[in-house]
Amino acid sequence: MAQAIVMEAPAPTLAGLLASPAGRQLLSCIQCGTCAGTCPYGDVMRNTPRRLIGMLREGFIEEVIASDDLLSCVTCYDCWAKCPRGLRLTDVLLPLVKEQVLLRLPQMPAELQSALSNTLRYGNPMGESPRKRAAWVESAPVPVPLLRDLGRPVDVLWIVECYAAYYPRGQDNARATARVLGALGVDFAILGNEEKCAGECARLVGEAGLFDTLREQNLATFGKYEFARLLTSDPHAFDAFSYVYPMLGFRRPVEHTTPFVAARLDDLKPRLTRELGYRVTYHDSCVLGRHNHMHDQPRRILEALPGVTLVEMTHSRDNTICCGGGGGGMWLDTFYKAKGHPRLSDRRVEEAAATGADVLAVSCPYEVPRFEDSLKVLGCDDRMVVRDVMELVAEALAE
Amino acid sequence: MKILVLMKMVPDIVEELEVAADGKSLDREYLRFIVNERDDYALEQALLLKDRLQATVTVVAPEAPEIDDVLHTALAKGADRAIRVSGIAEAAGTRATAAALAATLSGLDGVLPVDLILSGCQAIDDLDGFLAPLIAEALDLPYLGLVSRISVDPGAGTAVVSKEYSGGVMGRFEIAFPAFLGVQGCEKPPRYVPVAKVRAAIAAGGVEVVAAASGTAVNPLEVTSMAKPEETGHAEMLEGSVRDVAEKVAEVLAARGLL
């Protein structure tokens with residue numbers, strides 16, 4: 001007979017929270033409410049981030065868990081960026097209780113459940129075949145070698161990530177990136193079907209066990225090969241590899257494609273000869289922009305493209321407006337809609353359209369489907385298109 | 001109340017199915033297995049009954065690739081006992097599998113009798129839905145299939161069961177225990193269980209393994225050939241701008257005399 005298995009992770013207690021350095025941040029909060037004011041969903045949450053912190057440190061932990069307000073966090077890092085006490089609300093403090101919120105939901109939102117289950121089983125949230133992860137390579141404009149086939153160390157291991165590998169418009173980004181890496185003469189390879197989701201959004205939506213599993217699998221794969229650094233076009237994966245994988249000993253430089261190319265712009269400029277004739281506005285992604293302060297690099301690239309006029313939106317750089325896709329938000333649109341939350345990408349696209357630009361440039365693969373949907377919803381798809389910065393660079397490259 | 005859930009694995013059609021070189025089976029090279037979706041609903045129904053009543057839930061499944069993940073997940077979701085039955089060939093066929101499972105269940109310590117046996121009413125490799133009623137027959141239990149709601153009266157040892165008929169007609173039956181129900185769906189989708197709990201279940205190693213009762217797996221049917229459906233036609237995708245596509249649609253309609 002099997003023994004009884006006790007697996008219920010106990011709900012955190014106040015004493016338990018305060019026992020860790022992460023949890024002790026609660027005590028530093030001065031309850032100024034800046035987080036509540038800056039949170040993109042602060043005006044529709046029952047309990048704003050300020051109140052959630054206040055409740056947690058007064059011991060109302062059950063109440064925080066029972067309210068599902070934490071699921072409204074799309075990890076835009078705005079509360080963290082603006083907090084006068086520098087509290088790491090987004091990625092450290094709030095996740096301490098977020099897993100319990102997921103566990104206690106009477107019914108897990110269906111799209112989120114399917115994305116998490118698919119990521120565990122297939123290594124991607126779409127539920128696509130893991131064997132088709134590198135299928136896009138066949139349509140790549142330059143050879144994209146698999147590290148397994150190269151049989152030698154490589155300089156750059158390019159982690160394509162799920163949306164660029166599977167999503168049709170994401171594949172445009174993957175093909176463009178391949179073209180740019182080829183033009184730069186970068187020694188690169190990909191993992192192909194061995195690659196799995198980095199897991200950052202699973203971690204931040206509260207699925208720590210799924211993140212742990214993906215991290216173990218990816219680290220085991222990394223361990224099979226020799227490479228000098230990681231490169232990815234997904235800012236969420238960039239964060240995971242930069243800040244969370246190292247906790248298990250991963251020590252390799254990690255770069256995002258946009259700053260990677262910006263640093264090599266001088267090598268590329270002689271070949272950027274095709275006149276684009278676009279008026280472009282750039283959306284700073286929350287993770288690459290606000291969290292990692294990489295605001296200048298994409299703009300340097302865009303300004304170097306022939307015939308590109310760069311115009312700025314009202315909210316840019318650290319004040320950027322979230323697309324709503326982070327921290328599991330990609331799979332919570334229906335959940336938010338049912339709650340009456342506005343769609344954050346609509347808010348962003350309204351502002352982008354108001355600039356009069358005809359291209360909305362992005363550096364995160366989540367933003368392409370989100371903004372393209374919003375352009376259609378708002379009826380602006382006849383005058384504005386969404387393009388990844390890499391797509392624009394590839395377009396400007398001479399044949 | 002004691003509930004037994006029977007689960008099985010089926011080919012995962014996320015990978016394209018290929019016919020093996022022998023021309024009568026699936027190519028195993030890239031074949032993956034996934035739990036039969038309706039069996040997952042049967043488990044959810046059992047766990048919902050457990051949530052509401054004093055019930056124990058035992059899950060039994062024949063051995064197949066990735067079956068332990070399913071059984072550990074069932075334990076993590078709240079099943080009390082999970083048993084893998086080894087020695088039933090995957091190619092045994094529905095009848096032989098039913099006979100082997102029924103004989104094995106009868107010989108298992110502390111499993112039968114139960115009040116309810118729940119299993120999926122169909123699977124993609126058992127579209128006729130024979131497996132569950134064949135097991136019920138072998139165990140001499142009454143069977144009702146295509147069940148989508150079960151409401152138990154534990155004191156009376158009865159349940160009211162909803163069954164779907166074609167055309168959207170629903171039938172309600174009052175049944176007495178013990179009974180075998182073929183589950184089509186239940187009031188809510190299968191619950192999510194955090195991966196950390198599944199990992200804890202794997203670490204705890206709670207899956208029991210038993211050998212199938214011997215001498216029962218006789219397959220009266222033989223697969224003589226297997227082939228992919230022949231392609232008889234395909235959709236034509238019209239590419240281009242909205243204006244181009246509209247013109248092409250008009251051309252197609254005109255060419256067929258529809259304009």
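Biologist: Quick ground rule: a residue is buried if 20 or more other C-beta atoms, placed from the backbone, lie within 10 Å of its own, exposed if 12 or fewer, and partly exposed in between. So is A:Glu161 buried or exposed?

Modeller: A:Glu161 is buried, since 26 other C-beta atoms lie within 10 Å. Keep in mind this is a predicted model, where local features need pLDDT of at least 70, side-chain atom pairs count only at pLDDT 80 or more, and totals for chains, interfaces and linings use all residues. Residues are numbered from 1 along each chain as its sequence is written, while chains are lettered from A and ligands numbered from 1 in the order in which they are written.

Biologist: And what's phi doing at A:Glu161?

Modeller: Phi there is near 70°, a positive value in a residue other than glycine. A:Glu161 sits in the loop between β1 (154-159) and α11 (162-166) of chain A. Helices (H or I, at least four residues) and strands (E, at least two) are DSSP runs numbered from the N terminus.

Biologist: Which non-glycine in chain B has a positive phi of about 60°?

Modeller: B:Asp140. B:Asp140 is in the loop between α4 (131-138) and β7 (143-153) of chain B, and is exposed, with 9 other C-beta atoms within 10 Å.

Biologist: Stepping back, how many helices and strands does chain A have?

Modeller: 23 helices and 8 strands. Buried residues account for 51% of its 399 residues.

Biologist: What about the radius of gyration of chain A?

Modeller: For 399 residues a compact globule would come out near 21 Å, and chain A has 21 Å, so the two agree. That's taken over C-alpha atoms, with the globule rule being 2.2 Å times the number of residues to the power 0.38. Along the principal axes, the C-alpha atoms of chain A fill a box of roughly 65 × 55 × 35 Å.

Biologist: What share of the contacts in chain A between residues at least 6 apart join residues at least 24 apart?

Modeller: 78%. A contact here means C-beta atoms, placed from the backbone, within 7 Å.

Biologist: Switching to helix packing. How do α19 and α23 of chain A cross?

Modeller: The axes of α19(A) (residues 296-304) and α23(A) (residues 389-396) come within 10 Å and cross at roughly 25°. That makes α19(A) roughly parallel to α23(A). The axes are lines fitted to C-alpha atoms, for helices over the stretch in contact, with angles from 0 to 180 degrees between N-to-C directions. Under 35 degrees counts as roughly parallel, over 145 as roughly antiparallel, 65 to 115 as roughly perpendicular, and the rest as oblique.

Biologist: Which residues make that contact between α19(A) and α23(A)?

Modeller: A:Pro298, A:Ile301 and A:Leu302 from α19(A), with A:Val389, A:Leu392 and A:Val393 from α23(A). They split into 6 nonpolar, no polar and no charged. Nonpolar covers Ala, Val, Leu, Ile, Met, Phe, Trp, Tyr, Cys and Pro, charged covers Asp, Glu, Lys and Arg, and the others, Gly among them, are polar.

Biologist: Which residues of α4 in chain A are buried?

Modeller: In α4(A) (residues 49-57), they're A:Pro49, A:Arg50, A:Arg51, A:Leu52, A:Ile53 and A:Leu56. The buried residues of α4(A) pack against several helices of chain A, including α1 (14-18), α3 (34-38) and α5 (61-66). Just after α4(A), A:Gly59 takes a positive phi of about 90°.

Biologist: How many residues does each chain put into the A and B contact?

Modeller: 22 from chain A and 19 from chain B. On the chain A side, α8 (95-104), α9 (110-122) and α14 (208-222) each supply at least two residues, and the largest share, 5 residues, comes from α9(A). The chain A side divides into 13 nonpolar, 6 polar and 3 charged.

Biologist: Last one: where's the cis peptide bond with omega near 0°?

Modeller: From B:Leu112 to B:Pro113, and B:Pro113 is in the loop between α3 (94-107) and β6 (116-120) of chain B. The bond from B:Phe177 to B:Pro178 is cis too, with omega near -5°. B:Pro178 is found in the loop between β9 (170-176) and β10 (179-183) of chain B.

Conventions. Two residues are in contact if their C-beta atoms, placed from the backbone, lie within 7 Å.
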